Amino acid sequence: MNSIASAAVIAPADELRFADVSARGTPERQAEVAARLREFLPAHCVLFRAEDTRPYECDALSAYRQLPMVVALPETEAQVAQVLRTCFLLQVPVVARGAGTSLSGGSMPHASGVVLGLAKLNRILALDPVARTARVQPGVRNLAISEAAAPHGLYYAPDPSSQIACSIGGNVAENSGGVHCLKYGLTVHNVLRVRGFTIDGEAVEFGSEALDCPGLDLMALMIGSEGMLAVATEVTVKLVPKPLVARVVMASFDDVVKAGNAVASIIAAGIIPAGLEMMDQKITRAVEPFVKAGYDLDAKAILLAESDGTPEEVEEEIGRIDEVLRGSGATAIRVSQSEAERLRFWSGRKNAFPAAGRVSPDYYCMDGTIPRKNLGRMLTAIVEMERKYDLGCMNVFHAGDGNLHPLILFDANDQAQWERAELFGAEILELCVELGGTVTGEHGVGIEKINSMCVQFSPEERAAFFAVKRAFDEPGLLNPGKGIPTTSRCAEYGKMHIHGGRLPFADIPRVSDLRFPSFRFPFLAAHLMERTG
């Protein structure tokens, strides 16, 4: 496995400044912060009792939980700015939150901080069918944009599986994708402008509705920053015309490696489908009784390849896809014959995650990316890991861009199973790096993958990340402890050898201090040090 340099490196003072906000809140501090926020927010928009803040203790990765000190629910952009200014003056950490569908712990609260909920900012401010743009607030649901644009023959292309619930602000924070991102791109490719506020309440804008923007174009920096640089309050998105025709080719394979290789062959042939997804037999058997999509349950894996455009374009592209799939060893091929059948084919893929609940008490959804040519190798390795950790794993991929979503099955009531699931997930992510990929594709880093970042990025690269963070948020109050691992954390993870000195753990917020029941760093460190020497 790849690992970061083993030279003795002590965290620089600038890095440690981000630990200054780690002290746990006291009742007096909680009362002070709540009172200051209630000076300009209605009483029902400031929550601080445990029973009121409990719904905000985690995002969709519910294994990691932490009650926030206070929850603020502003109703206007001006109130968002005032919440940030107040927290800046009081030096209170702030974690922005949308719909809470994140799968990386990215919106998990800080114990002594404020959760800034943006769900009440849920208006579509403008929709221009001529310019093909929509200007929306961050609490607007992803799917609601397409619903509003539908009368004009337009829609918003990024379509994560949670699109019925996830908010556009969260999509911006995580750079969300979806099953059609291969052709139409991720959030960053479909957003023109983001307006928001820094931690001190200063208004900032990224991008422009024009073809170019003045000064440095920092749009790609903001999108995917997980609420660590600024809080988005207004987003202008691109809308695209609905295709005249869309059809799905569903291919069965008797071997998962063949299916993985078929994906690489499709792209190598110069074909860019609107969507190209892969599901293994375990996931199709779990989801089929629920959605009745018509999946081949005898197949070891199936591919879903969608073609859209004019009828002539679709007919020609489907013919080319069919030829490649047959040459790659497909045992059966079906093509959707109606819009209803096309939606049924996709419904199983969109419901793959909840379907895992049919066969397992809990699942741990991973998110990594590898070069498409290595899909077969990764799938073979995951089979070996299942035996190694004595846990099952279902595999569903955005195969077209190599984005993996293995679902590790375990029982959260069994601590030993959860520890093995964490190690299983960590090994998958490390193999992603070894194969030339990354530790995250579209779910973000949050708290879940912060240790895996130690594997992918060197101390110098992580120092650069912290420098960018300081440029926007010098005190480190926005979503602290997420996304960027400190040198000390990486050392604790077992990826460094520190010689001749004591690690500066005293100044770093420890996972155990934040009461994340699922993390067991001593256990992980011992295991990984044994593996890496």
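## How to read the model

Since the model is predicted, local features need a pLDDT of at least 70 and side-chain atom pairs count only at pLDDT 80 or more, while totals for chains, interfaces and linings use all residues. Residues are numbered from 1 along each chain as its sequence is written, and side-chain values use heavy atoms, with hydrogens and water left out.

## The overall picture

Let's start with the whole protein. It has 19 helices and 19 strands; these are DSSP runs numbered from the N terminus, with helices (H or I) of at least four residues and strands (E) of at least two. Of the 533 residues, 57% are buried. Here, buried means under 20% relative accessible area, exposed means over 50%, and partly exposed is in between (1.4 Å probe, protein chains only).

The accessible surface comes to about 20700 Å², and carbon and sulfur atoms own 53% of that surface. Such areas come from the Shrake-Rupley method with a 1.4 Å probe, and for residues only the protein chains shown count as cover. Now look at contacts, meaning heavy atoms within 4.5 Å. Among contacts with a separation of 6 or more, 74% are between residues 24 or more positions apart.

A disulfide is a covalent bond between the sulfur atoms of two cysteines. The working rule is a pair of cysteine sulfur atoms within 2.5 Å, and by this rule the count is one disulfide. Which cysteines form the disulfide? They are Cys454 and Cys490, with sulfur atoms 2.0 Å apart. Cys454 belongs to helix α16 (residues 453-456) and Cys490 to helix α18 (residues 487-492), so the bond ties together parts that are 36 residues apart in sequence.

The torsion about this S-S bond is about -85 degrees, so the disulfide is left-handed. Cys454 counts as buried because its relative accessibility is 0%, and Cys490 is buried too, at 0%. Elsewhere, Cys181 is buried at 9% and Cys213 is buried at 12%.

Rings of Phe, Tyr and Trp (its six-membered ring) pair if their centres lie within 6.5 Å; planes under 30 degrees apart count as stacked, over 60 as edge-to-face and the rest as tilted. This rule gives eight aromatic pairs. One of them joins Tyr364 and Trp418 edge-to-face, at 5.0 Å centre to centre with 65 degrees between the planes. The pair links distant parts of the chain, 54 residues apart: Tyr364 sits in strand β16 (residues 362-365) and Trp418 in helix α15. Is Trp418 buried or exposed? Trp418 is buried, because its relative accessibility is 5%, and Tyr364 is buried at 5% as well.

Tyr364 and Trp418 also belong to one aromatic cluster with Tyr64 and Phe410. Phe410 is touched by Gln417, which also touches Leu391 and Asp411, not counting residues up to four places away in sequence. Gln417 is in helix α15 (residues 415-434), and its C-alpha atom is 8.7 Å from that of Asp390, 27 residues apart along the chain.

## Charged partners

Side chains of opposite charge can pair when their charged atoms come close. A salt bridge here is a side-chain nitrogen of Lys or Arg within 4 Å of a carboxyl oxygen of Asp or Glu, and the whole structure holds 25 of them. In one, the closest N and O atoms of Asp308 and Lys183 are 2.6 Å apart. This pair links Asp308 in strand β14 (residues 301-309) with Lys183 in helix α7 (residues 181-184), 125 residues apart. Asp308 is buried at 6%, whereas Lys183 is partly exposed at 36%.

Glu448 and Lys449 form another salt bridge (3.0 Å, N to O). Glu448 is buried at 6% and Lys449 is buried at 1%. There is also a network of salt bridges linking Arg135, Arg193, Glu205 and Glu234.

## An exposed leucine

Finally, visit Leu89 in helix α4 (residues 77-90). Leu89 counts as exposed because its relative accessible area is 62%. The C-alpha atoms of Leu89 and Ile199 are separated by 9.7 Å, and the two residues are 110 residues apart along the chain.
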